[in-house]
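Please look through the sequence and the model shown below before reading on. The paragraphs that follow lead from one end of the chain to its surface and overall form.

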Amino acid sequence: MEFWEVLLAGGALMLIFEGIVPFVSPNAWKNTMRQALALSNGQLRFLGLLAILVGLFLLLSLN
């Protein structure tokens, strides 16, 4: 597969996974978003950094 095909497939999978929780349990998703809004900017940045590092680790572990 070419780079752009892999990138598109990854984006499609991300959208599928992101849509599962609001589809299956919209109330739980709303509660989670309320809790996320209560976090400080620093806490949100830390969670974002953690997600990036876990994603990089998973990608690197594939090789």
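The walk begins with Met 1, which lies in the segment before α1.

How far can the predicted coordinates be trusted, to judge by the predictor's own confidence? The mean pLDDT of the protein chain is 94, and 100% of its residues reach 70 or more. Confidence is lowest in α1, where the mean is 94, and highest in α2, where it is 96.

The protein chain has 3 helices and 0 strands, and when it is read along the sequence the pattern is α-α-α.

The next topic is the pairing of aromatic rings. A search of the whole structure finds 1 aromatic pair. The partners are Phe 3 and Trp 4, whose ring centres are 5.0 Å apart and whose planes stand at 75 degrees, so the pair is classed as edge-to-face, a label that applies to angles over 60 degrees. Are these two residues buried or exposed? Phe 3 counts as exposed, with a relative accessibility of 56%, and Trp 4 likewise counts as exposed, with 63%.

Leu 13, Ile 16, Phe 17, Ile 20, Val 21, Phe 23, Val 24, Trp 29 and Met 33 make a nonpolar surface patch of about 940 Å². Which helices supply the residues of this patch? At least two residues come from each of α1, which spans 3-24, and α2, which spans 26-37, while α1 gives the most, with 7 residues. Another of them, Met 33, is found in helix α2; Met 33 is partly exposed rather than exposed, because its relative accessible area of 35% falls between the cut-offs of 20% and 50%.

Finally, the chain can be viewed as a whole. Its C-alpha atoms fill a box of roughly 40 × 30 × 20 Å, taken along the principal axes. A compact globule of 63 residues would have a radius of gyration near 11 Å, whereas the protein chain has 15 Å. What share of the 63 residues is buried? Buried residues make up 0% of them, and the protein chain exposes about 5900 Å², of which carbon and sulfur atoms supply 74%.

Definitions and conventions. Residues numbered from 1 in each chain as written. Predicted model: local features only at pLDDT ≥ 70, side-chain atom pairs only at ≥ 80, totals over all residues. Heavy atoms only, no water. Patch = residues over 30% accessible without salt bridge, like charges linked within 9 Å, V, L, I, M, F, W, Y side chains within 5 Å. Areas by Shrake-Rupley, 256 points an atom, 1.4 Å probe, with all protein chains shown as cover. Salt bridge = Lys/Arg side-chain N within 4 Å of Asp/Glu carboxyl O. Helix = DSSP H or I, 4+ residues; strand = E, 2+ residues; numbered from the N terminus. Buried < 20%, exposed > 50% of the residue type's maximum accessible area, 1.4 Å probe, protein only. Rg over C-alpha atoms; globule rule 2.2 N^0.38 Å. Phe/Tyr/Trp six-rings, centres within 6.5 Å; stacked < 30°, edge-to-face > 60°. pLDDT = per-residue confidence, 0-100.
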